[in-house]
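I opened the notebook to look up two things.

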Amino acid sequence: MEGEAQPSVSFRLNRRGDRSNQTPRSKDVEGGFFSPGRLPQDYPMKIIWKRGFVRLVLVAGIVWMLIILSVLLFHVWSCQSSLAFFSAICKKALDTMGLVPKPQHRCPIPLANNPNSKVIPEGRTPDVILRSLSYITEDELVNNGSLSSPLFGGHQSWSQRDESFKAQTNMKVHCGFIRNGGAEIAPSDIKYVKKCRFVVASGIFDGYDVPHQPSNISDRSKKLFCFLMVVDEASLEFIKSNVTLEEDLDGGPWIGVWRLVLLKHPPYDEPRRNGKVPKILTHRLFPEAQYSIWIDGKMELIVDPLLILDRYLWREKHTFAIAQHKHHRSIYEEADANKRRKRYARPLIDLHMKIYRYEGMEPWSLKKSTPSDVPEGAIIIREHTPINNLFSCLWFNEVNLFTPRDQLSFGYIVYRLGELFKFFMFENCEYNSLFILHPHTREHSSKIEWVKNLTELEGKGGRLRESRGGLGLWTPYPADLNSVVLPPVVRTSKPG
């Protein structure tokens, strides 16, 4: 029995030993990469697949990083590009990603603390080139019998227009106020404005606004400045029916600090074009004024005018200041926006821009020395120096000849005068901090603003044409404009 038991125990121990020796080996063969045993038949395919997958992930990652780097480099290049199309792509992309902060509507103005402590500069700023500026007051075509009635802006020829851009020591130019052309003021008003050296001027035409009283005005500024509101007869009647007027000893009408100045016989059919007379030709209406601040009639001034002159003129020795437009920098962008908002006949705006393009006006780019070619014209701050007066005359002549949209002409006159005309264009957010904007009493609209093509102005449609303004759009231009192609416009904002 004992003999039989010993072989049995020995046999079991041997089997256990076999199992213990076999188990690690089988694990190496089945799952180990470096097993000395026999490899499975699909081992080469597994190792190739795993290595290929790793390589594929690495290559895909590198390609993805290169794509991202290329896109970033393109954005950097497009943001620096002077081409409107690529700069618009940059702005659009960065704005979508939330990387471009939206411009502030209002921002603090670095004003002096106390208007009573401001020292007013003595004398006038001298001009280096232009010493004397006089104005054409007779309509030559009326005097020689070619026409029967004079026009406020005169009948300026293309050659006269071209010569007016060539600055000389002594100049005589068209500047509105042609004799018997309209825009007359009463002798009592002439007498009053002669004493005005510092002027805050505004205007209301065709009853679209009522005067808004300025706020935060110091006693010193109330004594120093004349607040002059130019109105036509329709606006004066509208104001009388809505606001109580007071009269001074000479019969001059007043509303608060505003002295109303009646402009009799408005020179144009369009109220908007009439409004350009006191706005641009402030130096002609108020010839004794040395400084003027123009604000549109729908605005309420909320900053002391003496502090405005200090901030925008005296502090850095400027003589002309205006804000840059909130959205547009190129006149061609502004023209497109005017067409979209139906501010004037679309084909006539195009013709206006074709003339400027033919005469060399480039779209705004970073290469230009000015922040923008398009201003916010609702506030204009200036010293009435000869060169500034010349600029205002030339600016008005363009408004008289072409469309009444003065923002389209401003940059062109800057281009034609070149380095001769210096001005300060300040940020739009400061502009919005100078006033409170009130809505018009009613919306202005005229039939010519809805014209889409020139055929609508032919035949009976000729009644839509202005009879006393914009005549340069109907006078044959001394060159072929049919081949002129306007620069492409990328719409990056709402029209406005």
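I began with helix H8, residues 233-242. Its buried residues are Ser235, Leu236 and Ile239; buried means under 20% relative accessible area, exposed over 50%, partly exposed in between (1.4 Å probe, protein chains only). Helices (H or I, at least four residues) and strands (E, at least two) are DSSP runs, numbered from the N terminus. I looked down the axis of H8: its buried residues fall within an arc of 100°, so they line one face of the helix. The arc is taken over the directions from the helix axis to the C-beta atoms.

What do the buried residues of H8 pack against? I found E3, E4, strand E6 (253-255) and strand E7 (258-262). Contact here means heavy atoms within 4.5 Å.

A note on the source: this is a predicted model, where local features need pLDDT of at least 70, side-chain atom pairs count only at pLDDT 80 or more, and totals for chains, interfaces and linings use all residues. Residues are numbered from 1 along each chain as its sequence is written, and side-chain values use heavy atoms, with hydrogens and water left out.

Next, the disulfides. How many does a search of the whole structure find? The search gives three, a disulfide being a pair of cysteine sulfur atoms within 2.5 Å.

I took the Cys196 and Cys226 pair, whose sulfur atoms are 2.1 Å apart. The torsion about their S-S bond is about -90°, so this disulfide is left-handed. The pair links distant parts of the chain, 30 residues apart. Cys196 lies in the loop between H6 and strand E3 (198-204), and Cys226 in strand E4 (residues 225-231). E3 and E4 are also among the elements that the buried residues of H8 pack against. Cys196 is buried at 1% relative accessibility, and Cys226 is buried at 9%.

I then checked Cys175 and Cys393, joined by a disulfide with S to S 2.0 Å. Left-handed or right-handed? The torsion is about -80°, so the disulfide is left-handed. Cys175 sits in the loop between strand E2 (170-174) and helix H6 (187-193), Cys393 in helix H15 (residues 386-401), 218 residues apart. Both Cys175 and Cys393 are buried.

Last, I looked at Cys107 and Cys429, with sulfur atoms 2.1 Å apart. Their S-S torsion is about 70°, so this disulfide is right-handed. Cys107 is in the loop between helix H3 (84-96) and strand E1 (132-136), Cys429 in helix H17 (residues 428-431), 322 residues apart. Cys107 is buried at 11% relative accessible area. Cys429 is buried at 7%.
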